[in-house]
Amino acid sequence: ATLRRVSARERTITTIMVIAAITAWLVVAVVFTLVSPVGDAGAQLSGAIALGTAIGLTLWPLLWSAGRSHPGALVTSARRAALAGLVVTIMVVLRAIDVSVLPVALFLVIGAVLVEVAFSMRR
């Protein structure tokens, strides 16, 4: 099987997504170095949201480039990346409030997989 050429539009979209991911990681670095989460629920939540957003924005171009041959791959990869970012955000919040245990983490991951399977089977 041969791969098709990458169009200028796809190259531009990928560049924008990578720049957004780099920016998100810079925000994570700023939040993690300048804000103390000790006893501050707002700082803990902002750190969790920043990390989840950075993970999601990093996964988006990777997932899209892996499946760009399918129509609607950009939206599908965005959904999957957002779901992964949401799982990371929830796990960080649960860790911040000291209720992170293996059964809860497994429940979150399995729930995310089931949501994605349900969306994928709609077609």
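I began with Val-109, which touches Val-87 and Met-91 when residues up to four places away in sequence are left out; I took contact to mean heavy atoms within 4.5 Å. Before going on I noted that this is a predicted model, in which local features need pLDDT of at least 70 and side-chain atom pairs count only at pLDDT 80 or more, while totals for chains, interfaces and linings use all residues. I also noted that residues are numbered from 1 along each chain as its sequence is written, and that side-chain values use heavy atoms, with hydrogens and water left out.

**Val-109, continued**

I placed Val-109 in helix H4, where helices (H or I, at least four residues) and strands (E, at least two) are DSSP runs numbered from the N terminus. The C-alpha atoms of Val-109 and Met-91 are separated by 9.8 Å, and the two residues are 18 apart along the chain. I recorded Val-109 as partly exposed because its relative accessible area is 39%; buried means under 20%, exposed over 50% and partly exposed in between, with a 1.4 Å probe and protein chains only.

**Glu-116**

I then looked up Glu-116, which also has its place in helix H4, spanning residues 102-120. Glu-116 counts as buried because its relative accessibility is 12%. Leaving out residues up to four places away in sequence, I found that Glu-116 touches Arg-79, Arg-80 and Leu-83.

**Asp-98**

Asp-98 lies in the loop between H3 and H4, and I noted that its phi is near 60 degrees, a positive value in a residue other than glycine. With a relative accessible area of 60%, Asp-98 is exposed.

**Ala-78**

In helix H3 I checked Ala-78, which counts as partly exposed because its relative accessibility is 25%. The C-alpha atoms of Ala-78 and Met-17 are separated by 10 Å, although these residues are 61 apart along the chain.

**The largest pocket**

I took a pocket to be an open set of points on a 1 Å grid over the protein atoms alone, where a 1.4 Å probe fits and protein lies on both sides within 12 Å along at least five of seven lines; lining residues have an atom within 4 Å of a point. The largest pocket holds about 160 Å³ of space, its volume being the space filled by probe spheres set on the points, with grid points joined across faces, edges and corners. I listed 11 lining residues, of which Gly-67, His-70, Ala-73, Thr-76 and Arg-80 lie nearest the centre of the pocket. Helix H2 (41-66) and helix H3 (73-96) each supply at least two residues of this lining, and the largest share, four residues, comes from H3.

**The chain as a whole**

The C-alpha trace spans about 55 × 30 × 20 Å along its principal axes. Buried residues make up 24% of the 123 residues. Among contacts between residues at least 6 apart in sequence, 60% join residues at least 24 apart. The chain exposes about 8,300 Å², of which carbon and sulfur atoms supply 75%; the areas come from the Shrake-Rupley method with a 1.4 Å probe.
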